[in-house]
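Reader: I'd like to learn how to read aromatic contacts in a protein model. Could you walk me through some?

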Amino acid sequence: METDMQKLMGGSEEDDEEEMDMDVKEEDDEDEENGEKHMGTQVMVGPDGLMTVTGNNNQFQIQEQVGTPGGGGGGARKSRPLEEKERTKLRERHRRAITARILAGLRRHGNYNLRVRADINDVIAALAREAGWVVLPDGTTFPPRTQGSRPVGGTSTGLTSSSSHLVSPQTPPASVRGVSSGYRASVEYNSCRMKGVFMPTPSPYDLSSSARSQTSGMVGDGGEQTESHPLIGGSMEIVNDKQIVDLPSKLPERDFAGTPYVPVYVMLPLGVINMKCDLVDPDGLLKQLRVLKSINVDGVMVDCWWGVVEAHAPREYNWNGYRKLFQMVHELKFKLQVVMSFHECGGNVGDDVCIPLPHWVAEIGRSNPDIFFTDREGRRNPECLSWGIDKERVLRGRTALEVYFDYMRSFRVEFDEFFVDGIISMVEIGLGPCGELRYPSCPVKHGWRYPGIGEFQCYDQYMLKSLRKAAEMRGHAFWARGPDNAGSYNSLPHETGFFCDGGDYDGYYGRFFLKWYSQILVEHGDRVLSLAKLAFEGMCIAAKLPGIHWWYKTASHASELTAGFYNPCNRDGYASIATMLKKHGAALNFTCAELHFVDQHEDSQEGMADPQGLIWQVLNAAWDVCLPVASENALPCHERMGYSKILETAKPMDDPDGRHLSSFTYLRLCSLLMETRNFMEFERFVKRMHGEAVVDHQV
């Protein structure tokens, strides 16, 4: 299962077992309380079978026929023996322990977004959704886009806690009620954003917080209210601080016929080339590529892994598997986008293979672990090299920049004919973890879980040396340290003295530190892209930025700060990055972070996330300097509503300058995409990205 910051919830097995024990204890207490309540409860049975139960604090009626085989009056039911109750409790503890271990395994190894106190219903729902089924909040389950197979009366109108996903990401049935918790942001962040930023006309599919903020009177403090929604013609009710949105049976769909042509690429599987640099299953891949060609997909994207090509010794490159792959792509007349992947694969959301850094780099790391990013506790992250060694000769006589340049130059020489023939259309340069220009501030392997703020990664000796130099130049040598009140990976902003409203992030030291921290990120991108421009002269190069959208609605934007983006509510942290990319003629590849019409996770409100607001801030920063912008989906997408959201981002409605994405890459080629229903929907999406007419315009 994929994703681009995708979101992991939950904790460790110990946390799950602790929660399980608490649940059982609470249940035991409830049994005792119920027993005490029965002492003061009177049961009266009338001649018509109506049983009235009167307690100390409540009174209710249960319509039930009470009688005996002989037709006589009913008798009081005997209480269960104590031994039977104890056996029941033991069975329940055993069942919950098994459930806790299942959930922990799915979270740790399967990247399922399951809450800590999930139960077996959540597991079944998650597996059903992965198989492509629609699971409604009340548990009603049916295949997507097959209305006839849906049970009568299956529409949910109530609130349940049996599923961690409030609304399935699959195509909705005739009527769906989406539910999201109401909340008030800690700050009015929109008033702090910069003036003159283009925001497109809201899509009918967009019921995100950004779109909801444009609709007055929709959120209340309690009670009940119903109001028509101006965008979708449905209604919204507020019940017990919950927003319940009624969607009409069909949503009007924008017609993209005649809109600009946006090329569509498909990312190949991460393990298409194995650790021996051999092409995996070439016959099966060829069949899939031919199917993609039949629907006019423009090309494919592939990672060129540093840990595969230069695995065993410095400057010894093995491109054999990639040459076979590129030849196959050439014969099918596809375009090719390649990624210079200087990071490891494995341990992140969507990673289904393990590709470490080169062995000789790992050997150096064992004797000098400071070549890797390091957090405040001294934990090393071998996912990529620290930017502190960009100019340090610690890699067997070479600097990190020289290692990157030698690798890129080898690739350019090896595949010269593919550049000359125009087969390779773009080279994306890996600049950090997951190939993105960011610090590895949220490593799952170190215990991070969404929506934690992450931690600063500046504690290797080379980064600290740079910080010390910057502090001395500023005249405050005692500032040569990281913040000591910035919390830990899973802290929330208001829990820290640094990121809370009015916190140290906006003080003299905080501004100094964050400026230095973010400047290191920009300088690293500047140095590597200057070498890439030299290695791939005349070629389109690109850099990838992540969508760190949680805590975007707070003043500090804590998760962006730890990732290296100095983007609090009173500062634009992406303009300097766009200017740096423009300097090198590089395109920006930004994760689309496509949104569904309601929030998919129970904690999306808790995380104060605003993916759409972040998307448009980054797009405007890039377009303001005339930077080409490519994009890709952050989450697996196989349904029409997700595709429509991508289209709205790719081709904004009513943009006065007619701006649009330069290309879109779909993540990724897999067996699920090739299933008939999913592939038909994908073909329709490709046509609309190309500006072609489609037969139907109704969801």
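Author: Gladly! This is a predicted model. Let's begin with Phe513, which counts as buried because its relative accessibility is 0%, under the 20% cut-off.

Reader: Which ring does Phe513 form an aromatic pair with?

Author: First, the general idea: a pair of aromatic rings is described by the distance of the centres and the angle of the planes. Here, Phe513 pairs with Phe456; the centres are 5.0 Å apart and the planes make an angle of 85 degrees, an edge-to-face pair. The two residues come from distant parts of the chain, 57 residues apart: Phe513 belongs to helix α12 (residues 508-535), while Phe456 is in the loop between β15 (424-429) and α11 (461-474).

Reader: Is Phe456 buried or exposed?

Author: Phe456 is buried, since its relative accessible area is 4%.

Reader: How many aromatic pairs does the structure hold?

Author: There are 45 aromatic pairs. Phe411 is buried at 0% relative accessibility, and Phe415 is buried with a relative accessible area of 0%.

Reader: What about charges over rings? Which ring does the charged end of Arg412 sit over?

Author: That of Phe419: the charged end of Arg412 is 4.4 Å from the ring centre. Another case is Arg511, which lies over the face of Tyr508 at 5.1 Å from the ring centre.

Conventions. Residues numbered from 1 in each chain as written. Predicted model: local features only at pLDDT ≥ 70, side-chain atom pairs only at ≥ 80, totals over all residues. Heavy atoms only, no water. Phe/Tyr/Trp six-rings, centres within 6.5 Å; stacked < 30°, edge-to-face > 60°. Buried < 20%, exposed > 50% of the residue type's maximum accessible area, 1.4 Å probe, protein only. Helix = DSSP H or I, 4+ residues; strand = E, 2+ residues; numbered from the N terminus. Lys NZ or Arg CZ within 6 Å of the ring centre and 35° of its normal.
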